[in-house]
Amino acid sequence: MTTTENEPVILKTKPVPAGRQMFLLDKTKRRPERFSLLHPQVVSTAGGLRDSLARATKDTLWVSYEKDLTEALLKSVLGPPRSLGKALLIHALNPLSIPVLTSCFKRFASASNKEFLPPDELAEALQAVNSSNLFIGGSVDPTNRTITLWRGNLEPLTVPFSAFEKSGDGIEPNFDRFSVTDSGQTVRFGDYEAAADAILYEFDPEYRRHVSKERRQSERTFGASLRRLRKQRGLRREDFEPKVAAKTIARIEQGLVHRIQKDTLNSIADRLQVRPEEIETY
Amino acid sequence: MPFDLPLSAALRKARWKVKIREKENREPPHVTIIRGTQAWRINLRTGEFMDRHPDPADVPGEIIVHIKTEENWTLLCQQWDEKYPTNPVHEPDDNDGE
């Protein structure tokens, strides 16, 4: 496959589910175009909110760049509380509004404009198949030395500053310069860029379990194939002894051995009852 | 800062990036190919894709060729080793010792 300047970028996104709607509370002319992936219904006046509220369901996504429209929305909610769906509030937030937001929305995320992805990347991340594994924005709390990151499904993940260690080449995170980039795949602190999956792997046990299992099943290395085949045969690493040490099997499976000696490979294949060249096909 | 392997204008325009980022010391040495919301990892010890998903076939062949030129591969390995000196690409004892 080759890529040229004319080739369209194919985004791996899920189609907008039937019944799912997005209201974009925004007064700018050009920003709505950048959300086109989500087919937004733009609301730019307080008067337009009434109709939106009437049509909102528990699956609706609200994205607001306008503090006054968010406040007008909350004032318009009358009667018993009902879920209006999820809300992404990309403006300063009055802390006193948090209780009413909690009662109106099943989830909401809030931060300033520069702390969220730019609109086109935000739309892409919200719509992605792997949206819950992407970070769409966040906010830094210097007092408690934590950062709260918002995932694409609007779930928060709070991580201590200490998670971002200085790298071997001397790059240190600058928490005053936080942003998210790469459509939610990277968290940036100045010159320091942390992979979203590395953060999730460390701080979300469910993600870690899922990824570990998936990687074991799908890894394409010789070591991973050996591990799958050994498990399939019901063998322990010790079952290759005395010809091959269990420690050696472990190192091969972990990809730590670059050159497997021919005698070792033959002994492993013999124990697995396959030809040596067949191992990597598992 | 992350190491960002320079790519051709066409690939950059198509939103491809090739990076070694921070905070990956617990992973096997690797380089990450990024486009949009997807990423592919290539193991710097074996030269193989580390995951079956997303499909490695979705990565343009010219990116793989570019990454694996002797000059770029050496550079990527050096950059990884600088970032992660306790998890180098080539360990002192890298045969099976049998």
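Tutor: Some terms come first: contact means heavy atoms within 4.5 Å, and axes are lines fitted to C-alpha atoms, for helices over the stretch in contact, with angles from 0 to 180 degrees between N-to-C directions. Helices (H or I, at least four residues) and strands (E, at least two) are DSSP runs numbered from the N terminus, and two strands pair if DSSP finds at least two bridges between them. This is a predicted model, in which local features need pLDDT of at least 70, side-chain atom pairs count only at pLDDT 80 or more, and totals for chains, interfaces and linings use all residues. Residues are numbered from 1 along each chain as its sequence is written, chains are lettered from A and ligands numbered from 1 in the order in which they are written, and side-chain values use heavy atoms, without hydrogens and water.

In chain A, three strands form an open antiparallel sheet in the order β6-β7-β8. Because β6 and β8 (156-160) of chain A stand at the edges with a single partner strand each, one side of each has no neighbour in the sheet. On average, neighbouring strands of this sheet are turned by 25° against each other, direction ignored.

Six bridges pair β6 (residues 135-141) with β7 (residues 146-151) of chain A, and Val140(A) stands opposite Ile147(A) there. Their hairpin has four residues between the strands, and Arg145(A) takes a positive phi near 55° in it. On to the next pair: β7(A) and β8(A) are joined by five bridges, with Thr148(A) opposite Thr158(A). Helix α6 (residues 196-203) of chain A lies across β6, β7 and β8 of chain A and runs at about 85° to β8(A).
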